[in-house]
Amino acid sequence: MGRVTERRRVLRIRGGAVNARPDTLVAEEPLEIRLNGRPIAITMRTPGDDFALAAGFLVSEGVLAAASDVRNIVYCAGATDDGGNTYNVVDVQLAPGVAVPDISLERNVYTTSSCGLCGKASLDAVRTTARFPIADTPPVRLTPALLSALPERLRAAQRVFDTTGGLHAAALFAEDGELLDVREDVGRHNAVDKLVGRALREGLLPLERAVLLVSGRASFELAQKAVMVGIPVLAAVSAPSSLAVDLAAETGLTLVGFLRGPDMNVYAGEHRIAV
């Protein structure tokens, strides 16, 4: 199993003083995700929670909707020429009778730690494949004061970030601000997939009264992942993209950006913000 962190020698320059010292870096390794033995995606990720990451990715792709859809998730043995296991190839075996969407098998997607899925389908594709429409009835209501406290709670729960400074994080909160789960990864979309995969395996989908907070920007891919599991509120400490705002407006997702201290921008779904 790959390590979450690794040590490297660096030349440290501070105030004119120069010295060589070891530094702790976040690990980044490729993970190939297979579905019933067929490769469908490669993502650059921080090792750990790989089964949850693979399951969460397949939820976002519309393949999985419940833990019962999965027969087994395993690391593939013989991943190297000498038969060794790199723990960088995961195979998700579907339960009997679970259909495999053609779109997931026709695309051989490469996912980087920065951009998410390249060439992702349009807004229409997300709308037609979402199994859990946003349906928080009555609507979740959040005060600006509650929202403004969430980034600090997320930051306090980032254990690996403290030693590396190089990880993104995603967290699920209850509507009263209780921290439900937090995951870290070199890719923010991977961190969200790990959250979703854990929720799937624990039988918690849809997440119809949860708040998703991400440590960076709110891309279309992250908004898509929230919509696919029925999350009503997505908040980010940085900016959203235009396509993320469009998707939020179309699906009823509340999208909050630039959440820093008491300040924030509400780009869609303002009816859930109690002002």
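**Burial and packing in the predicted model**

Gln93 is buried, with a relative accessible area of 17%, where buried denotes under 20% relative accessible area, exposed over 50% and partly exposed the range in between (1.4 Å probe, protein chains only). The structure is a predicted model, in which local features need pLDDT of at least 70 and side-chain atom pairs count only at pLDDT 80 or more, while totals for chains, interfaces and linings use all residues. Residues are numbered from 1 along each chain as its sequence is written, and side-chain values use heavy atoms, with hydrogens and water left out.

Gln93 belongs to strand 6 (residues 89–94); helices (H or I, at least four residues) and strands (E, at least two) are DSSP runs numbered from the N terminus. The side chain of Gln93 makes a polar contact of 2.4 Å with that of Asp91, a polar contact being a pair of N or O atoms within 3.5 Å of which, within protein, one must be able to donate a hydrogen and the other to accept it, with residues adjacent in sequence counted only if both atoms are side-chain atoms. Beyond its neighbours within four places in sequence, Gln93 is in contact (heavy atoms within 4.5 Å) with Asn36, Gly37, Val70, Arg71 and Asn72.

The protein chain contains eight helices and 14 strands, and 50% of its 275 residues count as buried.

In helix 8 (residues 242–251), the residues Ala244, Val245, Leu247 and Ala248 are buried. The buried residues of helix 8 fall within an arc of 165 degrees when seen down the helix axis, and therefore line one face of the helix; the arc is that of the directions from the helix axis to the C-beta atoms. Ser242 and Ala249, on the other side of helix 8, are exposed, and Gly252, just after the helix, takes a positive phi of about 90 degrees.

Gly177, in the loop between strand 9 (168–174) and strand 10 (179–185), is likewise buried, at 4% relative accessibility. Leaving aside neighbours within four places in sequence, Gly177 is in contact with Leu146, Leu150 and Arg153, and its C-alpha atom is separated by 6.5 Å from that of Leu146, 31 residues apart along the chain.
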